[in-house]
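Hi everyone, thanks for making time this morning.

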Amino acid sequence: EGFTFVAERGSERWLPISRLAAGPTTTLHVETPGAAEIRLVHDSLVRDTDHGTEASWPVSEPGVYRVEVYLKGRPWIFSNPICITA
């Protein structure tokens, strides 16, 4: 409980398993129930890593985005993807 992964563009918001058309920059935002290592995965490659209880990334490239969360170096949460189509 307490995990959130969303895509936001202006007042619009998408949850995992959503597909949205590429357009203006989209912000991916994640919140976790506890401090951890948060990895942004884009098309199966780790693109960025942050530490804490939340992270945000502006993205503009089409592809499949998801997050992986590790607690004390061990896998904890793996999100479903959000797809940005060309």
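I'll go through the strands, then the core, then the charged and aromatic side chains.

A word on the ground rules. This is a predicted model, so local features need pLDDT of at least 70 and side-chain atom pairs count only at pLDDT 80 or more, while totals for chains, interfaces and linings use all residues. Residues are numbered from 1 along each chain as its sequence is written, and side-chain values use heavy atoms, with hydrogens and water left out.

Let's start with the strands. When I say strand, I mean a DSSP run of E with at least two residues, numbered from the N terminus. Two strands pair if DSSP finds at least two bridges between them. Strand S1 runs antiparallel to strand S2, residues 12-14, with 3 bridges joining them. In that pairing, Ala-7 stands opposite Trp-14 in S2. S1 and S2 make a hairpin with 2 residues between them, and Gly-10 in the turn has a positive phi of about 65°. S1 is also joined to S4 by 5 bridges, again antiparallel, and there Glu-8 faces Thr-27 in S4.

Leu-71 has Arg-74 of S7 opposite. The hairpin of S6 and S7 has 2 residues between the strands, and Lys-72 takes a positive phi near 55° there.

Now, which residues touch the most other members of the largest nonpolar core? They are Leu-28, Val-30, Leu-40, Trp-57 and Val-59, out of 15 residues in that core. Strands S1 (4-9), S4 (26-42), S5 (45-59), S6 (63-71) and S8 (82-85) each supply at least two of its residues. S4 gives the largest share, with 4 residues. For the record, a nonpolar core here is a set of buried Ala, Val, Leu, Ile, Met, Phe, Trp, Tyr and Cys residues joined through side-chain atoms within 4.5 Å. Buried means under 20% relative accessible area, exposed means over 50%, and partly exposed is in between, using a 1.4 Å probe and protein chains only.

Take Leu-28 as a way in. Contact means heavy atoms within 4.5 Å. Setting aside neighbours within four places in sequence, Leu-28 is in contact with Phe-5, Val-6, Ala-7, Leu-40, Ala-55, Ser-56, Trp-57, Val-59 and Tyr-65.

Two other residues are worth a click. Ala-35 lies in strand S4 and counts as exposed, at 52% relative accessibility. Beyond residues up to four places away in sequence, Ala-35 touches Gly-52, Thr-53 and Leu-71. Ala-35 and Leu-71 are 36 residues apart in sequence, yet 7.6 Å apart in space, C-alpha to C-alpha. Then there is Arg-47, in strand S5, which is partly exposed at 49% relative accessibility. With neighbours within four places in sequence left aside, Arg-47 is in contact with Leu-40 and His-42.

On to the charges. Side chains of opposite charge can pair when their charged atoms come close. How many salt bridges does the structure hold? There are 3, counting a side-chain nitrogen of Lys or Arg within 4 Å of a carboxyl oxygen of Asp or Glu.

- Glu-8 pairs with Arg-13, the closest N and O atoms being 3.9 Å apart. Glu-8 is partly exposed at 30%, and Arg-13 is exposed at 53%.
- Glu-37 pairs with Arg-39, the closest N and O atoms being 2.8 Å apart. Arg-39 is partly exposed at 22%.
- Glu-68 pairs with Arg-66, at 2.8 Å, N to O. Glu-68 is buried, at 10%, whereas Arg-66 is partly exposed, at 24%.

Arg-39 comes up again with the aromatics. Its side chain lies over the face of Tyr-70, at 3.9 Å from the ring centre; the test is that NZ of Lys or CZ of Arg is within 6 Å of the ring centre and within 35 degrees of the ring normal.

A search of the whole structure finds 1 aromatic pair. The rings are those of Tyr-70 and Phe-78, with centres 5.8 Å apart and planes at 70°, so the pair is edge-to-face. The cut-offs, for Phe, Tyr and Trp (its six-membered ring), are centres within 6.5 Å, with planes under 30 degrees apart counted as stacked, over 60 as edge-to-face and the rest as tilted. Tyr-70 is buried at 12%, while Phe-78 is partly exposed at 44%.

That's my tour, and I'm happy to take questions.
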